[in-house]
Amino acid sequence: MKGIFITGTDTGVGKTLVTGLLARYLLDKGYDCITQKWVETGTSGFSKDVNRHLKLMGRKRQDVKDLLKYISPYSFRFPSSPHLAADLEERRICERKIKESFRFLSKKFDRVLVEGAGGVLVPYRRDKFIIDIAKDLNLPVLIVAGNRLGAINHTLMTVESLRKRGMRIKGIVFNSIDIGANRNIINDNIDTIKRLSGVDNTALLPFLPGGRPNKRTIDIFDNIFREIKEKR
């Protein structure tokens, strides 16, 4: 398991937070780890999401200054699907460049965590999906589900799309993004999705005031990544 692709059931469900926490988890286990954001929109310059990853990892941008072009191959100003943002800037997202950036980092690090853009079926060109680049690289997928009303439908459709492509689902992280959500709904979401999807490797990320993680929130990955042992 050299790399992991982190996708969401929708935009705004916590992929960036989970990617950063997972990177911190692996670092704490003794693995040299780095994150990637292949395509980011709504930003200018270096990836805001990767900056968040680094903060959660306890690192600074200066620590990876020589790797920036590999960590964040593409960024666009317009906040939209990558295909539209690229079209508006009259640029083309190159699949080969993305794959080469991943392979370059995978030679230098124990683990490379790739945060996707939006949900699983987000196109980077009008007829090509980002998830298919992850498939070509044989990356297992970690799903981040916003634990709220609608999660069952969105998560099961994500699982179905990944299985249709023959991709391995590493697990599902249920992110408590709504502190006021009905407890009956969010508890049933987890039970129902596990039963109907057959994905047993799950974790519940509690609501984090201010997005500040602690040891308990980082260790939620123990149930999903059982094969990860202390490397030190």
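Below, a few labels are set against their definitions.

Tutor: This is a predicted model, where local features need pLDDT of at least 70, side-chain atom pairs count only at pLDDT 80 or more, and totals for chains, interfaces and linings use all residues. Residues are numbered from 1 along each chain as its sequence is written, and side-chain values use heavy atoms, with hydrogens and water left out.

Student: Why is Ser161 called buried?

Tutor: Buried means under 20% relative accessible area, exposed over 50%, partly exposed in between (1.4 Å probe, protein chains only). Ser161 comes out at 14%, so it counts as buried. You'll find Ser161 in helix 7, residues 151-164; helices (H or I, at least four residues) and strands (E, at least two) are DSSP runs, numbered from the N terminus.

Student: Which residues does Ser161 touch?

Tutor: Leaving out residues up to four places away in sequence, Ser161 touches Val120 and Leu121. Contact means heavy atoms within 4.5 Å.

Student: What makes strand 9 and strand 10 a pair?

Tutor: Two strands pair if DSSP finds at least two bridges between them. Strand 9 (residues 169-175) and strand 10 have four, in the parallel sense. Ile172 has Thr202 as its bridge partner, and Val173 stands opposite Ala203.

Student: Why do strand 2 and strand 10 stand at the edges?

Tutor: The open sheet has six strands in the order 2-5-1-8-9-10, with parallel pairing. Strand 2 (33-37) and strand 10 (202-205) each have a single partner strand, so one side of each is left without a neighbour in the sheet.
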